[in-house]
Amino acid sequence: CKGPDNLLSLSAIACKEVKEIEDLPKHSIGCDVTPDSIPTLAFPSISTADFQFNSEKASDIMVEKVEEFVKKLGNARLVLVDLSHGSKILSLVRVKAAQRNIDSKKFFTFVGDITQLYSQGGLRCNVIANAANWRLKPGGGGVNAAIFSAAGPALEVATKERAASLVPGHAVVVPLPSNSPLYIREGVSHIIHVLGPNMNPQRPNCLKDDYIKGCKILRDAYTSLFDGFLSVLR
Ligand code: AR6
């Protein structure tokens, strides 16, 4: 913190800020201080809102899969995103990731809209995941509606070129055309659509509380999502 006298108070303030950032707990919100160039996958919690999958079970599976994949990431990182500070899934995952000593530079949580991570949150993510529906159609609410709406018609066209539909437990990587607002504004180059298990009787392929099948499908969904991200890195 040494420097010319006239800069002393400024550098003291800067040092205090750095200290406060260093003091942030692991897996806390606001870890947006790392450089923009790090390849990053931002993903929502698959199946835990509209698809009504149990959050405790989902957080166990997510953290288990994150632990498996962080070893394969090189300098890349994974970020779990949700809209609110009160998010139950974010709290559960933070605790479980810390218990397993997962490197908080490689995996952390972030509060924000997944379609505005750079413009509103300062967090650059070149790949974002979508909790999709089996038809790979826009709308329907949740993160799917937000991503299709923010990406514009270019995403629907690009998605159709890659796949007509998705089976639960699978993901499809879609390169985002450079004229998409999400590419231009947020720097997103790929969307990975993932279809998780559904426990909501109002939605297709409901598993009717069969958590044996459901847990397997959710594991497969995260494997397929993270494999998709690794394929983008290659
Ligand atoms: N940014 C960040 N996180 C979000 C956003 C957003 N804009 N919107 C929702 N979340 P959901 P699912 C969080 O319901 O349970 C759709 O209708 C949300 O708080 O989007 O897999 C599709 O068409 C939750 O933590 O996905 C499918 O039919 C997480 O994203 C169905 O929902 C996932 O919530 C998929 O249901």
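## Close-up views of a predicted model

View 1. Two strands are taken to pair if DSSP finds at least two bridges between them. Residues are numbered from 1 along each chain as its sequence is written, and side-chain values use heavy atoms, with hydrogens and water left out. Because the model is predicted, local features need pLDDT of at least 70 and side-chain atom pairs count only at pLDDT 80 or more, whereas totals for chains, interfaces and linings use all residues.

**View 2. Strand β1 and its two partners.** Strand β1 runs parallel to β2, to which four bridges join it, and also parallel to β4 (residues 127-131), to which two bridges join it. Thr40 stands opposite Arg77 in β2, while Ala42 stands opposite Ile128 in β4. Five of the six residues of β2 are buried, so this strand is largely enclosed by the rest of the structure; buried means under 20% relative accessible area, exposed over 50%, and partly exposed in between, with a 1.4 Å probe and protein chains only.

**View 3. The surroundings of Thr40.** Thr40 lies in strand β1 (residues 40-43) and counts as buried because its relative accessibility is 0%. Apart from neighbours within four places in sequence, Thr40 is in contact with Arg77, Val79, Arg124, Cys125, Asn126, Val127 and Phe229, contact meaning heavy atoms within 4.5 Å.

**View 4. Ala154 in helix α6.** Ala154 is found in helix α6 and, at 16% relative accessibility, counts as buried. Leaving out residues up to four places away in sequence, Ala154 touches Pro177, Asn179 and Ser180. The C-alpha atoms of Ala154 and Leu182 are separated by 9.9 Å, although the two residues are 28 residues apart along the chain.

**View 5. The largest pocket.** The largest pocket holds about 750 Å³ of space; on a 1 Å grid over the protein atoms alone, a pocket is an open set of points with protein on both sides within 12 Å along at least five of seven lines, a cavity is a set of points where a 1.4 Å probe fits but cannot get out, and lining residues have an atom within 4 Å of a point. Among the 37 residues that line this pocket, the closest to its centre are Asp50, Ala131, Gly142, Val143 and Asn144. The elements giving two or more residues to the lining are β2 and α5 (142-151), and α5 gives the most, with four residues.

**View 6. The largest cavity.** The largest cavity has a volume of about 40 Å³, a volume being the space filled by probe spheres set on grid points that are joined across faces, edges and corners. Its lining consists of Ile114, Leu117, Tyr118, Leu123, Cys125, Ile128, Glu186 and Val188.
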